[in-house]
Amino acid sequence: MELRARLRKIVLDILGITARPKSGIHILNGHMLHRLCPDEEAREMFEVLLATLKEWVTYVRIEDAVRMICRHEQPDMPLVAFTFDDGFEECFTGIAPVLEKFGINGMFFINPGFVTGDEGYIKNFTEHVVLTPGKRPMNWEQIADLQRRGHIIGAHTMDHYMINDSDLTKLDYQIGFCKSVIEQKLKVPCDYFAFPYGRLEHANPAAIEIATRYYKYVFSQSDYKHYFSFGGKVINRRHFEPFWPVNHVRYFLSSRKTY
């Protein structure tokens, strides 16, 4: 597996040298500043990535990107917006401040169970659910502050639950109750939902039907070359992380997107 990862990196390093982002609306979705680096060093890496990438793209606010996609717009330049899943504390301490330096916001999809969980819950969540040992969640005060600063808070199920399930009661709780908790805490509508794990096989039509009943906008992290999946009900995002080499991100943005 390590050899495969090294070969992939080499290939992307080479392909990214000449790759140029294609015109279109690109939503990049990440999770964390870094797995290992100290926060300050990782913030600097993210800032360098955005500053370098800015030579080829224009950054836009996430709600504007979503609106343009829903209108099937086709800009003649590459536009990039950002979302982040899972609600790690570094979204507040590092990611949001860097985005603000570039005059844009982000959309942060959170799991209320992770926000309020005890130490046992947090340990299980990070070590066995999202595989990020040692990460900490944002608290409600930090989440509310992000919202006041112009960032958007979205739902990611109560417990990072895979919604490819036939238990409609459990799906309704994980998807719908999540919205209720966020709205009660933040006192604003929660219109955005991203299903955990993000690949199309991690959801099913019944779950998407429930999601679209509760939320105006639903997101995957898959099928990136197409703006929509599930018959136009789901907006697709492209996975990246703030610590990835700029050549890799630039290569992924060179995909031509279609409606």
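This is a predicted model: local features need pLDDT of at least 70, side-chain atom pairs count only at pLDDT 80 or more; totals for chains, interfaces and linings use all residues.
Local features were taken at pLDDT of at least 70 and side-chain atom pairs at pLDDT 80 or more, whereas totals for chains, interfaces and linings use all residues. Residues are numbered from 1 along each chain as its sequence is written, and side-chain values use heavy atoms, with hydrogens and water left out.

Helix 8 (residues 168–186) packs with helix 9 (residues 205–214) at an angle of about 30°, and their axes are 10 Å apart. Helix 8 is therefore roughly parallel to helix 9, a label for angles under 35 degrees. Helices here are DSSP runs (H or I, at least four residues), and strands are runs of E (at least two), numbered from the N terminus. In the contact (heavy atoms within 4.5 Å), helix 8 contributes Leu-168, Leu-171, Asp-172, Ile-175, Gly-176 and Lys-179, which meet Ala-206, Ala-207, Ile-210, Ala-211, Arg-213 and Tyr-214 of helix 9.

Turning to the strands, strand 4 (residues 107–110) and strand 5 are paired in the parallel sense over four bridges; pairing requires at least two DSSP bridges. Within strand 5, Ile-153 is the bridge partner of Phe-108. Strand 5 (residues 152–155) is covered on both faces, with Ile-152 and Gly-154 buried on one side and Ile-153 and Ala-155 buried on the other.

Two loop residues deserve a look. Lys-187, in the loop between helix 8 and strand 6 (192–194), has a positive phi of about 65° although it is not a glycine. Lys-187 counts as exposed because its relative accessibility is 68%. Phe-230, in the loop between strand 8 (228–229) and strand 9 (234–235), has a positive phi near 50° and is partly exposed at 24% relative accessible area. Buried means under 20% relative accessible area, exposed over 50% and partly exposed in between (1.4 Å probe, protein chains only).

Terms used
Axes are lines fitted to C-alpha atoms, for helices over the stretch in contact, and angles run from 0 to 180 degrees between N-to-C directions. Angles under 35 degrees count as roughly parallel, over 145 as roughly antiparallel, 65 to 115 as roughly perpendicular and the rest as oblique.
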